[in-house]
Amino acid sequence: MSLDAVLPGVLGALAGCGGGDGAGSDPAATARLGLPAATRACVVLVDGLGWENLRERAGHASFLRPRLSDPAAARPLTTTYPSTTAAAIGTFGTGAPPGRTAMLGYTVRNPATGGLAGLVSWEGAPDPRTWQREAPLPEVAATGGLPVTSVGPARFAGSGMTVAALRGGTYLPAEALADRVAAASRALRGPGLVYLYWGEVDKVGHHQGWRSAAWGHALEELDAGLSLLARSLPAGTLLVVTADHGMVDVDPAVRWDVATDPVLRADVALVAGEPRASHLYLEPGADARAVAARWSAHLGDAALVGVRDDVVAAGLFGDVAPHALPVIGDVVVAATGRASIVDSRTQTPASLTLVGMHGSLTPAEMRIPLVVHLT
């Protein structure tokens, strides 16, 4: 089961109780996820809360912990490749894979300009409705008559990523977790769907690592907020908690910098993606298979390396739309273990020293929780 089933499944649970006209729902996903019918639903997406991370640090999560051992209440799902926010939010919001949304990394090359496009900041990217062409499910559901509300930071209201993947219904800005809980509870006084985003777990993990004391405190704050939310929502509300990706703490001793490594730099015009999942865009005339072979030999078992045609044929990005194909790197690199590949020519100094990272194919990055609670 995958992240792409969550919103269609929740919409199916609401459709069973007359929530709108059922637009965007998938009854098969509802059944696979074991979601009960409800008139109201709140879906919480916790940035960076991997299933493996949560299970190991569950001592900090008194609300979530007892549910993790109950298969009816919690189970792991698989997120997208790359296992990163832009790709996962695109899939979560549309039910379509990154190959169709063209949301294929933290950064990618914009085929129209040849420069980097940031798919979280949306810097260097065109109109989000042009870039991401799949119908966002919140918009589909709202058009079908279901009240839909998104709750998150004010800076995300109308942002490129929100418009691309999550537009539709009403956006309620709220900063503190308690304020988001209160906003969600108010919005669900009547039937409808609320999407609530929380990003602090990911932020702390990036800067201090997911095994740090600070990450444990961030998990405690989240868990307390979820407990409050469960108590505050009207009776009969379906509460679903999931995530976009997990995280690994990388090892600085297993890090390569393309800018200073002549073997990796040769024939590579631009590096995009993230340190755990890179897109390499090559110089004109460069042989992609030769570059991939050179990178593979140089990195050894620290990375999986493939050319675009092969990884697309293998289904790594799901079904790939024609307009998304040139967004994928000529060569694709997925780090293994605790390795990372950076490029100090384009990355900020702060980003080069992050402790927690994600994007690749390890279970810690790819497995995410689905927790289901009926109030």
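Helices (H or I, at least four residues) and strands (E, at least two) are DSSP runs numbered from the N terminus. Axes are lines fitted to C-alpha atoms, for helices over the stretch in contact, and angles run from 0 to 180 degrees between N-to-C directions. The model is predicted, so that local features need pLDDT of at least 70 and side-chain atom pairs count only at pLDDT 80 or more, while totals for chains, interfaces and linings use all residues. Residues are numbered from 1 along each chain as its sequence is written, and side-chain values use heavy atoms, with hydrogens and water left out.

Two strands are taken to pair if DSSP finds at least two bridges between them. Strand 1 and strand 7 are parallel and share seven bridges, and L45 stands opposite Y197 in strand 7.

Helix 10 (residues 177-187) has the buried residues L177, R180, V181, A183, A184 and S185, where buried means under 20% relative accessible area, exposed over 50% and partly exposed in between (1.4 Å probe, protein chains only). These buried residues pack against strand 1 (40-46), strand 5 (148-152), strand 6 (170-173), strand 7 (192-198) and helix 12 (213-232). The axes of helix 10 and helix 12 come within 10 Å and cross at roughly 20°. The two helices are therefore roughly parallel to each other; angles under 35 degrees count as roughly parallel, over 145 as roughly antiparallel, 65 to 115 as roughly perpendicular and the rest as oblique. Leaving aside neighbours within four places in sequence, S185 is in contact with L229, S232 and L233.

The largest nonpolar core has 96 residues, a nonpolar core being a set of buried Ala, Val, Leu, Ile, Met, Phe, Trp, Tyr and Cys residues joined through side-chain atoms within 4.5 Å. The residues with the most contacts inside this core are V6, V10, C42, V44, L49, F92 and L193. Its largest share, seven residues, comes from helix 12. A second, separate core of 19 residues includes L264, V271, A292 and V331. Not counting residues up to four places away in sequence, C42 touches A184, L188, V194, L229, L233, T237, L238, L239 and V240.

Strand 12 (residues 277-282) is mostly covered, with six of its six residues buried. In a regular strand the side chains alternate between the two faces of the sheet. A277, H279 and Y281 point one way from strand 12, S278, L280 and L282 point the other way, and all are buried. Strand 11 and strand 12 pair in the antiparallel sense over six bridges, and a hairpin joins them through two residues. V268 stands opposite L282 in strand 12. Strand 12 also runs antiparallel to strand 14 (residues 331-335), to which four bridges join it; there the bridge partner of H279 is V332.

Several backbone features occur in loops. Most residues other than glycine have a negative phi, and most peptide bonds are trans. The peptide bond from Y81 to P82 is cis, with omega near 0°, and P82 is placed in the loop between strand 2 and helix 5 (85-94). W122 has a positive phi of about 65° although it is not a glycine. This residue, W122, is found in the loop between strand 4 (116-118) and helix 7 (128-131), and its relative accessible area of 9% makes it buried. D267 also has a positive phi, near 70°, and is found in the loop between helix 13 (262-265) and strand 11 (268-274). At 37% relative accessibility, D267 counts as partly exposed.

Note on methods:
Contact = heavy atoms within 4.5 Å.
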